[in-house]
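Q: Hi! I'm new to this one, could you walk me through it?

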Amino acid sequence: ASDNDLAPSFDDLRFLQSMDDQCYQDNSNSWVAPLPFQSPRQRLPNNREYANTDSPLSGGLWKNNHKWRDELQDLQMQQIPSPYTTFSKLSMLQKELCLFSDASVNTIAAVTYLRVTTED
């Protein structure tokens, strides 16, 4: 092998070895693997029992969920006036409505914008 040959890095080799040594299929035929990017390695909790339930929300979560739902209904009534543009709508070649969202345990956020491609 020469210096110009492609080869896995030490970290790649260590990762592959840990997958060979610690990856297995459990009794429910699910694959279990370590989290090689975190030290010490922690196993993710098995939340299968919670994933398929439709249990009622607790008092605080229920209240927040209904408040959020009401705010979404109010949002439907919002009207955005015609946007100011420096170009004619006739010169628009392509229009894209872009939406990004993210959520955590405590909050949810979203942003939407219109992306326009013109002849210029």
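Here is a short chat about the elements, a helix, the cysteines and a pocket.

A: Happy to! This is a predicted model, where local features need pLDDT of at least 70, side-chain atom pairs count only at pLDDT 80 or more, and totals for chains, interfaces and linings use all residues. Residues are numbered from 1 along each chain as its sequence is written, and side-chain values use heavy atoms, with hydrogens and water left out.

Q: How many helices and strands does the protein have?

A: There are 3 helices and 4 strands, taken as DSSP runs (helices are H or I, at least four residues; strands are E, at least two) and numbered from the N terminus. In order from the N terminus, they go α-β-β-α-α-β-β.

Q: What sits at the start of H1?

A: A side-chain oxygen of Ser9 comes to within 3.1 Å of the backbone nitrogen of Asp12 there. Helix H1 itself covers residues 10–22.

Q: New topic: how many disulfides are there?

A: The count is 0 disulfides, where a disulfide is a pair of cysteine sulfur atoms within 2.5 Å.

Q: And is Cys98 buried or exposed?

A: Cys98 is buried, at 13% relative accessible area, while Cys23 is partly exposed at 29%. Buried means under 20%, exposed over 50%, partly exposed in between, with a 1.4 Å probe and protein chains only.

Q: Which helix gives the largest share of the lining of the largest pocket?

A: Helix H3 (residues 59–76), with 6 residues. A lining residue has an atom within 4 Å of a point of the pocket, an open set on a 1 Å grid where a 1.4 Å probe fits, with protein on both sides within 12 Å along at least five of seven lines.

Q: Which residues lie nearest its centre?

A: Asn64, Trp68, Asn106, Thr107 and Ile108, out of 13 lining residues.

How values were computed: The expected span of a helix is 1.5 Å times one less than its number of residues. A polar contact is a pair of N or O atoms within 3.5 Å; within protein, one must be able to donate a hydrogen and the other to accept it, and residues adjacent in sequence count only if both atoms are side-chain atoms.
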